[in-house]
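Me: I have a structure to study and some questions about it. Can we go through them one by one?

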Amino acid sequence: MIQDNRDETIRIKTRINARKTDVFDIFNFKHYIGANPYLNAGALVFDFAIADGCEALPLKDYLREVCRYFPNLDNETYESHADLFARTASEMGKLEMDLHLDKWSIKPDSQKSTQKYRIAIQSLHERTTRGVIYFVWDWFEAINQDENIVFDEQLTILQNRFRESVYGGPTVYALWRTAEKKGIPTFYLWEEGLTQYGFGKKQIRGIATTFDCDSHLDSDFTTRKDDCKAFLKSLGFPVPEGDIVKSDREALAVAREIGYPVAIKPVVGHKGIGVTADVRSARELELACDRAIEAIPENQSTRIIVEKSIKGSDFRLLCVNGRFVAATERRPASVVGDGYLTIDELIREENRKPARRDTPTSAMSKIQCDEAMELYLDEQGLSLDSVIEKGKTIYLRKVANLSAGGVSIDATSTMHPDNIVLVQDIDQYFRLTCLGIDVIAESLDKSWKEGNFAILEINAAPGILMHLNPTVGDSVDVPSHILNAFFESGNDARIPIVTFNKISVGDLKETIDHILSQYPDWVIGAVCRDGVFINRSEKILSPDYNKSVQSLLRNPNLDLLIAEYDEEILEAEGMFFSGSNMVILDNPSDTEMMLARDILDDSTLVIRKADNITIHRKGLIEDYSLDRDELFTRVYLKEIGTIL
C-alpha cells in the first residue's frame, strides 16, 4: 500500500557510490555488533538518497516488482522510496531461510543542507548483510531500467555466504536464534572460535553442542569407536559383534568369522563418512575398506571396524543433560520414478525443491552423487542413466547419511520406556551436555531386550537440525532443552550491569568501593573512557572500547559490570551488550537517551538534568531537586543498593 507518492528525500549533489545510470545512492556504511542509536540490535547502518538530477519511478512500480517475490509486503504502508527500500532489505535479509533478522529503522538526517535517510537493518554477519543491501540496490536500479534480475541465483550466493560464516552452521544458528528468543546474551569469541552464552560468572562457552563444562576426555573417548564399543559391551549394553582390523585381508577374515552381511567404518570418523553398511561379499568388502581408509585423517593410523550388520532402521537418539529428548529415524536418499526421467535427472529435480536448499534451516541437504552411490546403484542393476518405472522408489545409498541427502523422520513419541531407560543409563557414564546415540532397530516401540537392537556408536557433538526440523513429523525444540540445561531463564544468564552515560575514573572507583563494602567477595569489572578495572586493579584499556567491555564479560569470575557509554562511543561503536539493571544518565544528549531503552524489567533509571532528578523504579516515578552542594554520586550510590 502506498500512502503518498511524493518522496521527501532530498537529492545529494555529489554521487558517492552511485554509478552514472543509478537513480539511488547508498553510502556511509557502518556495522554495529550490538545496540546503537538507530536500532536496539546489531545492525548495518547506511545512508539512502536520490541522486541529484535523477527522478525515481512512482513507488507503486517498485512495490509491484518487489511483491512478485515478497507478496506479504503488499499489505504494508510506505511513505517514501527509502521506506520501501528498507523494508525490502529487511525481508531479503531473512534469505528465505526463516532467519530471525526482522528489525529495521529509518529516519531522516537532521542536517537540512543534505537531508537524506539513514537506514538500519538488523544484522548478524556483516558481509552477508552488506551483500543483501547491494543486491536490493541493484534490484531497484534494474526496475528503473526495466530490466530483470536473476533473483534465485543471487539468493543462493547470499545464502552460501551466510552458510560459510561462523553463524551459518545449522546447530550454531539454531542455538543462537533460540538464545535471542530467550533473552540469553550471546556473542562470538573470534580469537577462541567459541560462542559465549551469558555474562561473567553466569557464562557458558562452546562449539555447537559441546561446551566448556563437558569432559574433553569423555569427548575424545567417544571418537575412539573401538574402545567406546568395548566399554559399552563391558557394561552389558547391546553392541554388534565385530573386531578392529588394519587391512582388507584382515577385514575379510573377520567377515568370514562373524558372517555376512557386515558394516565397515573407520575407527576415527564422523557424519557417516567412510561408512558402508550391509556389505554382502568379498568384492563389496574390499571397496568398503578403501572408502573407510580414504576417510581416515592423515595423522591417524589405519584402523577399520568390521561388525555384524543388524537388520532394521537407522535411528539417532539424543540425550541432553542426562535426559532423553528426541529420536529421529534416518533413511537414505531416494528418488521416485516417473517412467521417463533418468535417475540423474530425478536427482536434479529433487535437488531443486525448496526443502533441499541446504541452508541452516532446511529440512534436507542436496543429494550428493559420488562413487558410493554409483556402486550401490550398480548392485541394484542400475546406473544414473537408468529410467525408473512410475511410482517405484529407488534408494541411492546403503547408509542413511543426512548430509548426503538422506531423510529424517521424527520418532520421539514412539520410544519404548525400556529404550528411554537404556539411553539415559548410557548417558550417565559420560560427562557431556549432549550425547547422540546411533542405533539400529526394527522399531523403537519395541524394547531393546527383545533383540534386533544394537548400539552403533556414541557422538559427543551431535547435530540437532534433524530433530528441530525433520523432513517428516513434529519438531523437537532441542536448542531450548540445551540452553535450559544451563539457564532456566534469560535472567539466569546475566550478572548485574550498571550503565552510565558519563563517569570519571574517580567516581568509578568510588562506586566500586561502595559495592565492595557490601559485597567484599565480589569481582567487579568496570570500564570508562579513561580506564578499565577489575575491583581497584587497573587493566589495559583497548583502543576498541567494546573489546574492553567484552573482555570483562568474558571473565568467568565477574559478579557485576559497570560501564560508561557516552555519545561518542555510542555513535562510533554502539553498545556491546544489551540489558542493564540500572542506567544512570547525567545531563544526557539525545543520543545518550538511547540508554534509557536498555533497562530490563524491574530495573532502575536515574536521570539528572541540571539539578533535577528523576528516578524510575518498578513502575514508579520520583522527581526532586538536588540540594545545594549535594553530589549526584550520593543519589545513584543509594539507588545501586536497591538492585543488588
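Me: How do the residues of the lining of the second largest pocket divide into nonpolar, polar and charged?
Reply: This is a predicted model. The lining of the second largest pocket holds 47 residues. They divide into 21 nonpolar, 14 polar and twelve charged.

Me: What volume does the second largest pocket have?
Reply: A general idea comes first: rolling a probe the size of a water molecule over the atoms shows where empty space is left. For the second largest pocket, the volume is about 1,100 Å³.

Me: Which residues lie nearest the centre of the second largest pocket?
Reply: The pocket is lined by 47 residues. Those nearest its centre are Ile33, Gly34, Gly42, Thr186 and Phe576.

Me: Which element gives the most to the lining of the second largest pocket?
Reply: β1 (24–32), α5 (170–182), β5 (186–189), α16 (545–554) and β26 (599–609) each supply at least two residues. One of these gives the most, with five residues: α5.

Me: Is arginine 177 buried or exposed?
Reply: Arginine 177 lies in helix α5. Its relative accessibility is 15%. Buried means under 20%, so arginine 177 counts as buried.

Me: Which residue has its backbone oxygen 2.9 Å from a polar atom of the side chain of arginine 177?
Reply: Leave out residues up to four places away in sequence, and arginine 177 touches Asp98, His100 and Thr361. One of these has its backbone oxygen 2.9 Å from a polar atom of the arginine 177 side chain: aspartate 98.

Me: How many disulfides does the count come to?
Reply: A disulfide needs two cysteine sulfur atoms within 2.5 Å. Cysteine 289 is buried, at 1% relative accessibility. Cysteine 528 is buried too, at 0%. By the sulfur distance rule, the number of disulfides is zero.

Me: How far apart in space are phenylalanine 48 and glycine 312, C-alpha to C-alpha?
Reply: Phenylalanine 48 is in strand β2 (residues 43–50). It is buried, with a relative accessible area of 0%. In sequence, phenylalanine 48 and glycine 312 are 264 residues apart. In space, C-alpha to C-alpha, they are 60 Å apart.

Me: Which residue's backbone oxygen does the side chain of threonine 642 reach?
Reply: Threonine 642 is in helix α18 (residues 632–643). At 45% relative accessibility, it counts as partly exposed. Its side chain reaches a backbone oxygen at 2.5 Å, that of glutamate 639.

Me: How far apart in space are threonine 642 and asparagine 469, C-alpha to C-alpha?
Reply: The two are 173 residues apart in sequence. Their C-alpha to C-alpha distance in space is 44 Å.

Me: Which residues does a cis peptide bond join, with omega about 0°?
Reply: Most residues other than glycine have a negative phi, and most peptide bonds are trans. Here is a cis case, with omega about 0°. Its proline sits in the loop between α8 (248–258) and β10 (262–266). The bond joins tyrosine 260 and proline 261.

Me: What is phi of aspartate 602 near?
Reply: Aspartate 602 is in strand β26. It is exposed, with a relative accessible area of 61%. Its phi is positive, in a residue other than glycine, and near 65°.

Me: What is phi of lysine 618 near?
Reply: Lysine 618 is in the loop between β27 (612–617) and β28 (620–625). Its relative accessible area is 62%, so it is exposed. Phi is again a positive value in a residue other than glycine, near 50°.

Note on methods. Residues are numbered from 1 along each chain as its sequence is written. This is a predicted model: local features need pLDDT of at least 70, side-chain atom pairs count only at pLDDT 80 or more; totals for chains, interfaces and linings use all residues. Side-chain values use heavy atoms; hydrogens and water are left out. On a 1 Å grid over the protein atoms alone, a cavity is a set of points where a 1.4 Å probe fits but cannot get out, and a pocket is an open set with protein on both sides within 12 Å along at least five of seven lines; lining residues have an atom within 4 Å of a point. Grid points are joined across faces, edges and corners, and a volume is the space filled by probe spheres set on the points. Helices (H or I, at least four residues) and strands (E, at least two) are DSSP runs, numbered from the N terminus. Ala, Val, Leu, Ile, Met, Phe, Trp, Tyr, Cys and Pro count as nonpolar, Asp, Glu, Lys and Arg as charged, and the others, Gly among them, as polar. Buried means under 20% relative accessible area, exposed over 50%, partly exposed in between (1.4 Å probe, protein chains only). A polar contact is a pair of N or O atoms within 3.5 Å; within protein, one must be able to donate a hydrogen and the other to accept it, and residues adjacent in sequence count only if both atoms are side-chain atoms. Contact means heavy atoms within 4.5 Å.
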